[in-house]
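Grab a pencil and have the structure open on your screen. Below are a few exercises, each with a solution that you can follow step by step.

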2 protein chains.
Amino acid sequence: MTTTQEDVDLEKEILELAQEARQASLTLSTVPPEKKNEALLKMGELILEKREEIKASNAIDIENGQKNGLSKAMLDRLVLTDKRIDQMVEGLKQVAELPDPVGEMIEEVVPSSGIKIQKRRVPIGVIGIIYESRPNVTIDCAALCLKSGNAAILRGGKEAFHSNTALIEVISEALQAVGLPEAALILVPTTDRQALNVLLKLDDLVHAIIPRGGEGLIRFVAENSRIPVIKHYKGVCSLFVDSSADLEMALRIAINGKCQRPGVCNALENLLVHKDVVDSHLVPIADALSERGVELRIEPDYLPNLKARNIAAVEASSEDFYEEYLDLILSIKIVDSTEEAIAFINEHGSSHSDAIVTEDESDAEAFLNSVDSATVYWNASTRFTDGFQFGLGAEIGISTDRLHARGPMGLRELCTYKYVIKGKGEIVS
Amino acid sequence: MTTTQEDVDLEKEILELAQEARQASLTLSTVPPEKKNEALLKMGELILEKREEIKASNAIDIENGQKNGLSKAMLDRLVLTDKRIDQMVEGLKQVAELPDPVGEMIEEVVPSSGIKIQKRRVPIGVIGIIYESRPNVTIDCAALCLKSGNAAILRGGKEAFHSNTALIEVISEALQAVGLPEAALILVPTTDRQALNVLLKLDDLVHAIIPRGGEGLIRFVAENSRIPVIKHYKGVCSLFVDSSADLEMALRIAINGKCQRPGVCNALENLLVHKDVVDSHLVPIADALSERGVELRIEPDYLPNLKARNIAAVEASSEDFYEEYLDLILSIKIVDSTEEAIAFINEHGSSHSDAIVTEDESDAEAFLNSVDSATVYWNASTRFTDGFQFGLGAEIGISTDRLHARGPMGLRELCTYKYVIKGKGEIVS
């Protein structure tokens, strides 16, 4: 590959943006909560004031999208309706009302030497957010990063470029109005892949990358980043109906998990049923799901059990159990024991959210301890895996990684800590 | 690059090791504390029993090292004396006595929906430790990973290959003796760089990489790993002597920081002094350090201040302030204010450990809040940055990263958490 003058210029431009963001992050880290909240509320005011300009910019993206043949679902995510604009403003107010995580005392230690060691929560520094076509992510992420004292470099999708540019102008104006550095929230001014590649190598200046969007984008980021990435690829969530499960409860949790919002990452994709309750539990659950339009894919051996009751179903392939359908489709597996269910989930799931319905406490404990996922449920729906449901007030994403944050991530997860030691002249002997 | 049959075989071998480690980690995650402690004590017993075999294997490494012209420092790190073997055994006993981090309740949340959410500490999974010539690291890391319920894949340096192989045999025997899976602690059976490259790409099976050693090794790992890496490249630590500093205290802390053990990462490399106390404070400190054999490198403008008192010193170049000397050398910078000191440290330091000596509380608070390092000190020596000094009981390393862990890392930092939700049939409405 040859390096052109354009490449050199782009590299320089991205580097300068990151340096500005880093400088801004040092300022932001000690800004008092009121100042940050003032900026958030100001952003909301300005969004309302400039509603028509923002909608006009969005209309350009929509028109381009239609010309370029974007799918209906993509166009739907892209459009900024009045209602969505109102929601953005409401979201800003809500984040302003959340407690400030910066400076929270996590722990205090006084070891034998007598020096006082405090572990204090502090911002991470500079966060890169890589996302796709939803312009409201620009405001959500800006709000959460600012509130947690981080500078953010936002890199949205090309489909939303005009919308994002209009929103970032409002953000900059609000930051200026309250006297905060504009570089606290930067939009990468190009959607060139090469710019993203440059950004992902700046591990001296950018401290964390959070990609949001489809699995393809997230894999690209994870494979090309030298900066630590917090992410989840997908949510392959399972429900295990144990032999002692309360039928009515299992039915309710299965329907909620699969049908309430099938397109989200905490929806069910796999149903596991104990072999002793195939007729008593699986049949009525399958019947109820089928009635609600769910396509059932079941292990070949058990297909006759459903066919005999006139429940529509097809054979599941072994690959189906790794699949994130994000649709009204469910794979069904029969297991001999809780141990088999646990091993099956650890092999096929995505470490996101998994549930057991059982009346047996020892089965429940085995499941909760041994299923190696970010969130594990006993007698509750996997649909609870969400920052708002978890009382975090807001959510920057959900992690299926192990380091730093796991499960729904809010303001605290956008922080790290530092050790602060106050002495009286102590030295190490 | 062409792929040979050897490459394919190596790839397969490393993949299989990682798969075995992953399976072992699932078992380990629910092993009771007593069992893990039994394994640790058994390792200690067996090391004492097989002391002569271990020393014989180590002698082969030493002989090879001498043939291959290893430096005296490297050979010193490599040798397993009786005293070092006794220390390894003592270390195993100490880790066995530490509280078990697994299962600790971190937080309990009951959001408005009424479901009970517990955040529980759990092992990370599989940890890869990449290290150089010190064979005692094999035992330290094995002990800490096992105690925290993690499987570990150890990849030591080629210089210590025979020593490490002897130690891992003892570890395997101890695991077997107490009925734990041998794959809980695996030594990569080759020191081929290509094997390391394969390992660093297995992000489905290995969850964290901790490199220990020289900056070159750590950079290689960070640049080639698809698995999250927790690390520090170097420790460029600064001491700022403010205008209100107590002279006697500043003197004590400077001497301790620079001279007590100059080759470690928490030793001082930079001394910053407020311009108002050059004569009153810098001169006596420089004098004392010079007497102790420290080479002083000072900003050209202030060289005459030292020369006038017959204190040996040379001009510092601007690069000197980024340097980790690990030796009796110190760079000296004069600043106009605490703000300048903070900015200088954030620019030149390595975010490891930095200290201020001052009697002025507002200067101290500014320094503690704004110096962006893992550990910040007011009136105490940077030499305290150490897992034992911090009361962690043991240390797997020190992180200057922001995500997951910062500063000294012990057993808790080898854990992640999971959300455990117990319901009564709740669904999301």
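**Before you start**

In this model, Phe240(A) stands opposite Ile356(A) in β12(A). You're looking at a predicted model, where local features need pLDDT of at least 70, side-chain atom pairs count only at pLDDT 80 or more, and totals for chains, interfaces and linings use all residues. Residues are numbered from 1 along each chain as its sequence is written, while chains are lettered from A and ligands numbered from 1 in the order in which they are written. The pLDDT is the predictor's confidence in each residue, from 0 to 100; chain A has a mean of 95, and 100% of its residues reach 70 or more. For the complex, the predictor gives an ipTM of 0.94 and a pTM of 0.93.

**Exercise 1. Work out which strands pair with β12(A), and in which sense.**

Step 1: Strands (E, at least two residues) and helices (H or I, at least four) are DSSP runs, numbered from the N terminus. Two strands pair if DSSP finds at least two bridges between them.

Step 2: Strand β7 (residues 237–241) of chain A pairs with β12(A) in the parallel sense, over four bridges. Besides the Phe240(A) and Ile356(A) pair, Leu239(A) has Ala355(A) as its bridge partner.

Step 3: follow the chain. From β12(A) it passes through helix α14 (residues 361–370) of chain A to β13(A), and this β-α-β crossover is right-handed. That label means that, with the strands pointing away from the viewer, the path from the first strand over the helix to the second runs clockwise.

**Exercise 2. Decide whether the residues of β12(A) are buried or exposed.**

Step 1: apply the cut-offs. A residue is buried if 20 or more other C-beta atoms lie within 10 Å of its own, exposed if 12 or fewer, and partly exposed in between, with C-beta atoms placed from the backbone.

Step 2: go along the strand, residues 353–357. Five of its five residues are buried.

Step 3: sort them by direction. In a regular strand the side chains alternate between the two faces of the sheet. Ser353(A), Ala355(A) and Val357(A) point one way, and Asp354(A) and Ile356(A) the other.

**Exercise 3. Find where the sheet passes from chain A to chain B, and which strands stand at its edges.**

Step 1: read off the order. Ten strands form an open sheet with mixed pairing: β10(A)-β9(A)-β11(A)-β8(A)-β7(A)-β12(A)-β13(A)-β16(B)-β2(B)-β1(B).

Step 2: look at the ends. β10 (314–315) of chain A and β1 (105–109) of chain B each have a single partner strand, so one side of each is left without a neighbour in the sheet.

Step 3: look at the join. β13(A) and β16(B) pair in the parallel sense over five bridges; Trp378(A) has Lys422(B) as its bridge partner there.

**Exercise 4. Describe the side of chain B that touches chain A.**

Step 1: count. Two residues are in contact if their C-beta atoms, placed from the backbone, lie within 7 Å. On that basis, 56 residues of chain B are in contact with 57 residues of chain A.

Step 2: see which element gives the most. That's β16(B), with eleven residues.

Step 3: sort the residues of this side of chain B. They divide into 25 nonpolar, 20 polar and eleven charged. Ala, Val, Leu, Ile, Met, Phe, Trp, Tyr, Cys and Pro count as nonpolar, Asp, Glu, Lys and Arg as charged, and the others, Gly among them, as polar.

**Exercise 5. Show how the buried residues of α14(B) are arranged.**

Step 1: list them. They are Asp363(B), Ala364(B), Phe367(B) and Leu368(B).

Step 2: look down the helix axis.

Step 3: name the packing partners. The buried residues pack against β16 (415–426) of chain A, together with β7 (237–241), α13 (338–348), β12 (353–357) and β13 of chain B.

Terms used
Arc of directions from axis to C-beta.
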